[in-house]
Amino acid sequence: MQFDNFWYVVAQSEHLKARQVLSRQVLGEWLAIFRGRDGQPVALQDRCIHRNSRLSYGKVHQGGLTCPYHGWVYNECGQVVSVPSEGGQFQHCDRLRAKYYYTCEQDGYIYVCLAEQPDTQFPPFPMPFYQAQNWHTVRVIHRFQNDVTNCAENFIDIPHTTSVHPGIFRNSYGQKLEMTVTRKQGTVVAEYRNETTNLGWWQRFLNPRSVKFYHSDRFYMPNITSVEYKFGINRHLFITSQSVPETDSSTLVYTDVTFDYGIWSWLATPFVWWTAKRIIGQDVQILKIQQEVIAKYGRRFSHTPADTIHVFVESIRDTLAKGEDPRLLPEKTVEVTFWA
Ligand code: FES
Ligand SMILES: [Fe+2]
């Protein structure tokens with residue numbers, strides 16, 4: 001099993017119009033993404049097989065992608081269908097074909113799989129409650145100068161929130177919290193108990209009476225994190241992030257904040273967007289600093305019990321990096337007490 005067995009987001013569906021080409025990078029591979037004649041997304045290696053120009057600088061006409069250098073035209077299967085310098089005598093031949101990858105579209109995202117043949121065991125991750133009745137989604141994109149492992153860990157890490165997002169997200173109250181962390185089948189689930197307060201500037205709206213609420217953080221291999229909060233009725237949200245590896249030190253993160261706040265949902269939307277941009281912007285900064293140190297001194301971490309969730313995520317991602325199946329790692333559950 002490899003990282004390229006999985007589907008990775010390359011764009012929001014609405015951002016890829018007919019006649020548009022997007023340039024993307026996934027796991028170091030350069031991609032030119034456009035829509036073919038039938039409107040389906042197409043992903044070609046961003047390299048013209050003629051004299052190696054970049055196809056993403058080209059133009060789309062009637063579902064074909066024209067190279068900007070000598071005008072060779074590629075169809076949705078990557079086949080060359082026109083060579084202007086050959087005029088009408090150009091004969092299509094199978095040998096003339098750009099490398100192409102499987103694509104699909106789901107929940108308003110376009111996905112690419114870099115494997116020769118996508119594995120049906122690993123479909124794209126279904127985004128929780130996307131376009132479900134009464135649910136709203138705010139979708140934001142950020143580029144992190146760090147790898148997927150460190151991004152995913154950050155998105156499900158409570159201890160940093162009091163120092164990186166003070167006031168907005170949490171303050172340091174020294175409150176004793178408990179969590180159960182389980183690694184199972186390539187996923188990590190952390191369920192928290194005893195949380196009643198400390199939700200930053202959303203506290204009064206989400207949990208005005210400071211009652212106990214449900215909170216879980218989840219990681220799904222290879223690159224998904226999903227945070228869930230539920231406060232009584234009509235206050236339920238998910239923050240789901242897909243961390244897409246561009247290179248070893250650049251990750252494009254697509255985040256959905258999907259919420260059901262009852263009658264307040266519409267009104268809350270701009271505030272949710274602003275809060276997400278503010279909080280994730282702070283994480284972009286702190287992860288940039290972390291990557292600078294890793295680049296200089298290498299990745300050497302020290303752990304305490306509060307880091308159990310990260311140790312499990314790293315074990316799954318390190319197993320995948322070795323080409324092995326993380327679902328074969330032994331199932332483990334750990335009870336952790338920590339303070340925030
Ligand atoms: S390099 Fe693309 S057509 Fe020549
Ligand atoms: Fe954060």
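Residues are numbered from 1 along each chain as written, while chains are lettered from A and ligands numbered from 1 in the order in which they are written. In this predicted model local features need pLDDT of at least 70 and side-chain atom pairs count only at pLDDT 80 or more, with totals for chains, interfaces and linings using all residues, and side-chain values use heavy atoms, leaving out hydrogens and water.

Trainee: Which protein donors does the iron ion (ligand 2) have?

Mentor: Donors here are N, O and S atoms within 2.8 Å of the metal (3.2 Å for Na, K and Ca), and sites may look incomplete since water is not among the atoms. Along the sequence, the donor residues follow the spacing H-x4-H-x117-D. The donors lie 2.1 to 2.3 Å from the iron ion, and they are His160 (NE2), His165 (NE2), Asp283 (OD) and Asp283 (OD).

Trainee: What kind of arrangement do the 4 donor atoms around the iron ion (ligand 2) make?

Mentor: Four donors count as tetrahedral if all angles lie between 85 and 135 degrees; four count as square planar and six as octahedral if opposite donors are over 155 degrees apart and all others between 65 and 115; anything else is irregular. Around this iron ion the angles run from 58 to 144°, so the arrangement is irregular.

Trainee: Are His160 and His165 buried or exposed?

Mentor: The scale is relative accessible area, found with a 1.4 Å probe on protein chains only: under 20% is buried, over 50% is exposed, and partly exposed lies in between. On that scale, both His160 and His165 are buried.

Trainee: Where does helix H4 bend?

Mentor: Helices (H or I, at least four residues) and strands (E, at least two) are DSSP runs, numbered from the N terminus. H4 covers residues 265-297 and reaches 46 Å from its first C-alpha to its last, close to the expected 48 Å; that expected span is 1.5 Å times one less than the number of residues. A bend is the angle between axes fitted to the seven residues ending at a residue and the seven starting there. In H4 it amounts to about 25°, at Phe271.

Trainee: Which strands and helix do the buried residues of H5 pack against?

Mentor: H5 (residues 308-321) should span 20 Å, which agrees with the 20 Å between its end C-alpha atoms. Of its 14 residues, 11 are buried, so H5 is largely enclosed by the rest of the structure. Those buried residues, among them Phe312 and Arg317, pack against helix H1 (148-155), strand S12 (176-184), strand S13 (187-193), S14 and strand S18 (332-339).

Trainee: In S15, what is the bridge partner of Arg218?

Mentor: Two strands pair if DSSP finds at least two bridges between them. Strand S14 (residues 214-220) and S15 pair in the antiparallel sense over 7 bridges, and a hairpin joins them through 3 residues. Strand S15 (residues 224-230) is mostly covered, with 6 of its 7 residues buried. Within S15, the partner of Arg218 is Ser226.

Trainee: Which peptide bond is cis, with omega near 0°?

Mentor: Look in the loop between S14 and S15, where Pro222 is found. The cis bond runs from Met221 to Pro222.

Trainee: Which residue in the turn between S15 and S16 has a positive phi?

Mentor: S15 and strand S16 (residues 236-247) are antiparallel partners over 7 bridges, and Lys230 has His236 as its bridge partner in S16. The hairpin leaves 5 residues between the two strands, and the one with a phi of about 50° is Gly232.

Trainee: How exposed is Asn134?

Mentor: Asn134 sits in the loop between strand S10 (109-113) and strand S11 (136-144). Its phi is positive, about 75°, although Asn134 is not a glycine. Asn134 counts as exposed, because its relative accessibility is 52%.

Trainee: What is the relative accessible area of Arg139?

Mentor: Arg139 is found in strand S11. Leaving aside neighbours within four places in sequence, Arg139 is in contact (heavy atoms within 4.5 Å) with residues including Gln12, Asp107, Tyr130 and Asp256. Arg139 is buried, with a relative accessible area of 15%.
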